[in-house]
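Hello,

Here is the structure you will be taking over. My notes on it follow below the view.

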Amino acid sequence: MNISKFQLSFFGAYTHIKPTSDILIKLTESYKKFDFIPSTNELLEFDSNTGKFNRTKRIRMITQNSTWEIPFNPNRIDIVCLNPEEKKLEEIVAFSLEIAKILLDILGIKVGRMAFNAYFKIDYLPEDETSIIFKDFLKVLPTFNGVELRSWGTKYNSYTSFDYNNEKEIINNIFNIDYLKKNDENKVINIVLDINTDALKMVERFDYEGIEVFSKYSIDKANEICNDISLVIKNEEEK
């Protein structure tokens with residue numbers, strides 16, 4: 001399975017991070033070695049006092065080859081790999097952590113909630129292997145009322161935890177898989193892993209060490225799920 005996109009997200013109150021000259025200079029200098037250049041996004045933000053939407057500009061750092069970007073929104077900061085180029089998940093996460101460490105040092109912020117999103121794509125599977133995923137892994141049927149399904153999706157989620165600063169942090173592990181058959185030669189299976197901390201706990205408490213712990217947990221969970229899929233297919237092939 002190839003990674004088609006990766007995103008590490010940090011949630012918190014970041015309305016103060018705006019495209020002022022001093023912040024842009026710091027970010028540009030710090031990320032110069034990674035070929036990031038500064039730009040801005042224009043957003044509509046709702047003002048609860050006036051009841052109106054206002055246009056505002058937010059920072060967006062992007063590499064010159066458009067492989068990586070860091071959009072800064074009022075309530076979240078994302079580190080996004082748009083084109084993994086067949087890199088391993090561990091390599092992508094390691095680079096994301098390097099970016100995150102610089103980010104926290106420059107801005108002096110902590111993180112309230114985190115989300116780890118990895119997108120995988122299987123462009124084509126032989127018919128028998130597609131049936132294996134249908135039958136043995138997903139427990140769904142490739143047909144309904146005698147008609148072949150050209151698209152479907154299913155979702156699993158579970159709750160686990162990890163220890164950080166002598167507290168248990170609740171983790172929601174979400175696993176989505178969907179299938180699209182455009183024609184006999186164009187079949188795509190998309191797998192999305194969405195691993196995130198408690199959505200109701202937004203206190204900005206995670207420093208860089210917390211991000212490292214969460215990322216390591218997420219890599220292990222992502223590899224576990226991908227290995228399960230591969231193992232199911234392999235075992236069926238050997239029958």
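C81 is buried, with a relative accessible area of 2%. C226 is also counted as buried, at 9% relative accessibility. A search of the whole structure finds 0 disulfides. For reference, a disulfide is a covalent bond between the sulfur atoms of two cysteines. Please keep in mind that this is a predicted model.

Helix α1

Helix α1 covers residues 21–31, and its buried residues are I23, L27 and Y31. These residues lie on the same side of α1, because the arc they cover around the axis is only 40 degrees. What do they pack against? The buried residues of α1 pack against strands β2 (36–47), β3 and β4 (68–73), and against helix α2 (89–107). S21 and I25 are exposed, and they sit on the face of α1 turned away from its buried side.

Helix α2

S96 lies in helix α2 and is buried, with a relative accessibility of 0%. Which residues does S96 touch, leaving aside its neighbours within four places in sequence? The contacts of S96 are F6, L8, W68 and I79.

L97 is found in helix α2 as well. Its relative accessibility is 12%, and L97 therefore counts as buried, the cut-off being under 20%. Not counting residues up to four places away in sequence, L97 touches Y208, I211, E212 and S215.

Strand β4

N73 has its place in strand β4. Is N73 buried or exposed? At 18% relative accessibility, N73 counts as buried, because the limit for that class is under 20%. With residues up to four places away in sequence not counted, N73 is in touch with Y14, L43 and D78.

The surface patch

L44, F46 and F53 make a nonpolar surface patch of about 360 Å². F53 belongs to strand β3, which runs over residues 52–63. The relative accessible area of F53 is 56%, so this residue is exposed.

Backbone angles

Most residues other than glycine have a negative phi. Two residues here are listed with a positive value.

- E85 is not a glycine, yet its phi is positive, at about 55 degrees. E85 is placed in the loop between β5 (76–81) and α2. With a relative accessible area of 47%, E85 is partly exposed.
- N166 is not a glycine either, and its phi is positive at about 65 degrees. N166 is placed in the loop between β9 (151–164) and β10 (167–183). With 83% relative accessibility, N166 counts as exposed.

After that, go to the patch made by L44, F46 and F53.

Regards

Terms used:
Residues numbered from 1 in each chain as written. Predicted model: local features only at pLDDT ≥ 70, side-chain atom pairs only at ≥ 80, totals over all residues. Heavy atoms only, no water. Patch = residues over 30% accessible without salt bridge, like charges linked within 9 Å, V, L, I, M, F, W, Y side chains within 5 Å. Areas by Shrake-Rupley, 256 points an atom, 1.4 Å probe, with all protein chains shown as cover. Salt bridge = Lys/Arg side-chain N within 4 Å of Asp/Glu carboxyl O. Helix = DSSP H or I, 4+ residues; strand = E, 2+ residues; numbered from the N terminus. Buried < 20%, exposed > 50% of the residue type's maximum accessible area, 1.4 Å probe, protein only. Disulfide = S-S within 2.5 Å. Arc of directions from axis to C-beta. Contact = heavy atoms within 4.5 Å.
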